[in-house]
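Start with the structure itself.

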Amino acid sequence: MSRGFLTSNTVEALPGLFLVPVIHGRLESAYVVRRVLDLVDPAAVAIELPTTLAEAAEKAARRLPRISLVVSEEPGEAALVWTAFPGEPFAEGLRWALERDRQIACCDPDLPYRSRHRDPIPDPWALWELPEEYLTKVAATTAASPPGEDDGRREAGMAHHLQRRHRELAGAPLVALVGAAHLEGLRRRLPRPAAIPLARTRRRHVSLRHLHPRSLTALLQDPPLAHAAWELLRGGEIPPAPPLSTAAERWPSLRSPGLRLVPAPRQQPRDRRLVLAQRAAAASARQGLAGIAAADRQRLGSVVWEAAAQGYSESSDEQVAPWQRRVFGDFARRYARCQGQLVPGLYEWVVAARGVADDNFAWEVFEAARAYPWQDETAEIETAEVNGDELDLGTRKVRFRRRFLRVKQRPLKVPVKERPKDGHDQDWRRAFRPGAGICSYPPEDLVVEDWGRYMRARAEGLLSAENARSEPFATSLLDGLDLRETLRRPDDGRLWVRELRRAPGQAGSVVAIFDRDPGNRYPYQMTWLGEHDDESDMAFYSTHPADRVVGPGILRATYGGFVMTVPPGRLFDVWQDPDYRNARDKAEVLILAAIDYSEDPLVVHIARKPPDRRLQAHAGARGKRLVHLPLGSLSPAVLKKIRVLHILDGHDRRPQAGRYIW
């Protein structure tokens with residue numbers, strides 16, 4: 001099997017000189033290079049890089065897995081740039097030679113390259129299904145079109161350098177890694193003598209720069225997580241798949257009664273990027289073409305989804321459903337086919353995630369897919385931050401409009417104001433003043449109050465529609481034409497009109513049950529009074545605010561349920577009220593309070609299921625009626641906005657809270 005793989009993926013142009021066609025910058029091509037070099041075990045490795053960049057390219061290979069840029073900027077010329085990363089086949093060839101102390105040569109002459117074109121290359125993932133045909137078919141396809149003048153000059157120069165290196169080795173094996181488009185041209189030229197190319201022999205300005213982690217997604221064709229998985233697999237061992245760390249493991253947990261923040265013992269945060277890379281390596285490992293594990297891009301989607309779903313749950317307290325995962329995978333695959341690819345990548349994942357959830361979830365997918373543990377923002381050499389558009393890479397852009405932003409550096413410019421950087425979490429916790437008097441955030445209060453008024457009007461409209469009656473048109477249109485009834489009676493020959501009758505009273509209290517909390521996900525309980533006549537009294541249960549510190553003295557929670565009642569200033573602490581001690585759960589406490597404190601006959605009940613008959617009978621005994629509105633009939637985007645609660649440790653925090661609350 002190994003010999004068949006070697007024969008199908010190499011061309012022996014001269015005795016002992018093997019040409020290996022590669023696809024620039026693609027993960028599968030780096031794997032082929034690794035396997036060929038292991039099988040041939042050459043004395044020297046030649047790569048298709050300009051001879052003037054040989055020294056800098058070797059230094060870049062020694063820095064791996066830290067990704068580097070080799071940059072040459074000559075006055076009056078376009079910059080010459082090469083990126084060294086684990087999945088780059090040339091970088092893999094250099095690393096293999098350095099690890100085994102073999103000779104290294106750059107065989108591409110430094111000639112001005114005026115013609116720019118992109119060869120149509122099928123998705124390299126097809127290599128796994130066509131191991132003995134893919135590279136030869138790609139080489140044959142690219143050779144079918146006549147090479148340009150620049151390509152011919154480069155191939156003649158590469159032939160000269162390879163012939164010279166072959167003579168120096170005196171028959172020892174030499175492997176040359178060349179682009180698939182140049183394979184046929186080199187194979188024809190190598191048996192014939194080649195002249196010395198009239199090319200530049202040295203460059204005055206060649207520098208090596210550390211690539212900023214924000215630039216990884218712009219410069220790498222495959223997701224950075226795929227390269228991280230390959231980095232862990234290239235040694236031949238499959239690492240174990242550790243569990244993803246939760247927020248409680250990464251950050252100190254502060255849980256105590258009320259809002260008295262007592263710091264818990266400091267835990268060492270785990271490197272989430274490394275854990276994610278290890279999980280990706282374990283999940284994407286497949287039996288390679290020569291019996292060694294390789295990273296399969298198709299299998300990375302499950303790891304990205306798992307990490308994104310966990311991050312989404314931690315940041316927004318929302319859960320993704322199994323059907324969303326199925327739609328995500330199906331859409332990403334179909335969209336990849338429309339893009340001319342066999343398996344989806346980062347762009348397709350982000351678009352699919354936005355479609356099945358929202359921009360927050362798409363951001364979590366982006367964060368997971370770009371995880372690369374070894375790339376820091378600073379290094380021992382100069383750091384470069386490069387935009388893909390600057391290098392004409394055909395980069396596709398995605399703009400995120402997120403509501404919840406965790407405190408971390410963002411790799412894309414988004415149309416929102418800047419948020420304070422990392423490192424303030426513990427300072428913000430210490431800044432909380434328990435005795436200063438907690439309060440809410442007024443812009444959120446306005447949104448919730450408007451939503452409550454809308455729910456009251458909707459409930460009254462629902463009952464009004466239930467009491468409506470239709471009759472044949474006689475002398476008045478009443479409240480309008482009843483098209484449904486008219487169409488139901490086509491043989492009647494008459495128009496029907498509708499009369500809307502008033503609802504049996506107005507709506508008073510509004511109780512919303514988002515989650516009945518069977519597993520105690522919402523341990524925090526509170527009752528507070530409206531500050532003025534336009535605000536309602538409210539009682540609620542939510543996640544513990546101390547788990548989400550978003551600013552100095554500013555905590556965030558997520559409602560599990562709440563009750564709103566007007567006029568303000570009347571609500572007793574329902575969680576301490578002995579009248580509700582027989583309630584079965586927190587949701588029932590809120591429903592009973594809504595019935596008792598409503599001054600109007602209608603109580604709006606918003607939940608997934610209608611209230612129990614026992615609660616309906618309890619409301620009827622007090623002259624009230626529970627009007628049920630299904631939670632599924634409301635906008636998910638609005639519900640996510642309504643469920644967010646911010647608690648401030650004093651009124652003086654309100655002017656600066658807008659910097660931290662999104």
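Arginine 653 and aspartate 649 form a salt bridge, with their closest N and O atoms 2.8 Å apart. The model is predicted. Arginine 653 counts as buried because its relative accessibility is 11%, under the 20% cut-off. Aspartate 649 is buried too, at 0%.

**Salt bridges**
- Shared partners join Arg34, Arg35, Asp38, Glu92, Glu99, Arg100 and Arg234 into one salt-bridge network.
- The count of salt bridges comes to 41.
- Arginine 614 meets glutamate 588 in a salt bridge at 2.7 Å, N to O.
- This pair links distant parts of the chain, 26 residues apart: arginine 614 lies in helix H20 (residues 613-621) and glutamate 588 in helix H19 (residues 586-597).
- Arginine 614 is partly exposed at 38% relative accessible area, whereas glutamate 588 is buried at 1%.
- Arginine 521 bridges to aspartate 515, with the closest N and O atoms 3.5 Å apart.
- Arginine 521 is partly exposed at 34%, and aspartate 515 is partly exposed at 21%.

**Helix H13**
- Gln324, Phe328, Gly329, Ala332 and Ala336 are buried in H13.
- They cover an arc of only 135° around the axis, so they sit on the same side of H13.
- The buried residues of H13 pack against helix H12 (300-316) and helix H14 (346-356).
- The face turned away from the buried side carries exposed residues Pro322, Arg326, Arg334, Arg337 and Cys338.
- Just after H13, glycine 340 takes a positive phi of about 80°.

**Nonpolar surface patch**
- Phe473, Leu477, Leu481, Leu483, Leu487 and Leu495 form a nonpolar surface patch, with about 630 Å² of accessible area together.
- Leucine 487 lies in helix H18 (residues 483-488) and counts as exposed at 68% relative accessibility.

Notes
Residues are numbered from 1 along each chain as its sequence is written. This is a predicted model: local features need pLDDT of at least 70, side-chain atom pairs count only at pLDDT 80 or more; totals for chains, interfaces and linings use all residues. Side-chain values use heavy atoms; hydrogens and water are left out. Patches are made of residues with over 30% relative accessible area and no salt bridge: like charges are joined within 9 Å, nonpolar side chains (Val, Leu, Ile, Met, Phe, Trp, Tyr) within 5 Å. Accessible areas come from the Shrake-Rupley method with a 1.4 Å probe; for residues, only the protein chains shown count as cover. A salt bridge is a side-chain nitrogen of Lys or Arg within 4 Å of a carboxyl oxygen of Asp or Glu. Helices (H or I, at least four residues) and strands (E, at least two) are DSSP runs, numbered from the N terminus. Buried means under 20% relative accessible area, exposed over 50%, partly exposed in between (1.4 Å probe, protein chains only). The arc is that of the directions from the helix axis to the C-beta atoms. Contact means heavy atoms within 4.5 Å.
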